[in-house]
Amino acid sequence: MSIVQDLSSTRKTAGLSQEQLADAAGLTRMTVNKTESGAVDPRLSSVEEMARALGMELMLVPSTLQAEVQAFVRSGGRLLGQPPGASAPLSVVDHITRRKP
């Protein structure tokens with residue numbers, strides 16, 4: 001799936017119209033429409049603004065690390081951490097989700 005397809009799918013899942021996404025991203029509805037339809041090759045800045053408006057961030061990953069990064073994301077951030085235990089550090093997800101008292 002392409003970035004544009006991911007953005008379009010996320011927009012639809014969020015129940016947003018193209019116009020609502022455009023307003024949130026500071027773009028025109030026509031820009032969103034032409035981007036999603038493939039009528040234009042969008043500017044990176046437009047794709048970035050659409051992603052941010054949908055609560056997403058773009059991440060450029062070296063192709064040599066793509067499989068490892070995807071596995072890490074799918075694991076919920078626990079792939080790189082040690083198993084839980086007395087001397088094991090917290091995983092990335094544990095740091096993010098740990099609630100402060």
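In which helix do Glu-49 and Arg-52 both lie, and how many residues apart are they? Both residues belong to helix H4, three residues apart, about one turn of the helix. The model examined here is predicted, so to speak of local features a pLDDT of at least 70 is needed, and side-chain atom pairs count only at pLDDT 80 or more, while totals for chains, interfaces and linings use all residues. Residues are numbered from 1 along each chain as its sequence is written, and side-chain values use heavy atoms, with hydrogens and water left out.

The protein contains six helices and zero strands, where helices (H or I, at least four residues) and strands (E, at least two) are DSSP runs numbered from the N terminus. Of its 101 residues, 20% count as buried; buried means under 20% relative accessible area, exposed over 50%, and partly exposed in between (1.4 Å probe, protein chains only).

Four salt bridges are found in the whole structure, each defined as a side-chain nitrogen of Lys or Arg within 4 Å of a carboxyl oxygen of Asp or Glu. In one of them, Glu-36 pairs with Arg-11, with the closest N and O atoms 2.7 Å apart. This pair links distant parts of the chain, joining Glu-36 in helix H3 (residues 29–37) to Arg-11 in helix H1 across 25 residues. Glu-36 counts as buried at 18% relative accessibility, and Arg-11 counts as buried at 7%.

Glu-49 is partly exposed, at 32% relative accessible area, and Arg-52 is partly exposed, at 40%. Arg-52 also meets Glu-57 in a salt bridge (3.2 Å, N to O), and Glu-57 is exposed, with a relative accessible area of 57%. A network of salt bridges links Glu-48, Glu-49, Arg-52 and Glu-57.

Leu-58 is found in the loop between H4 and H5 and counts as partly exposed, at 31% relative accessibility.
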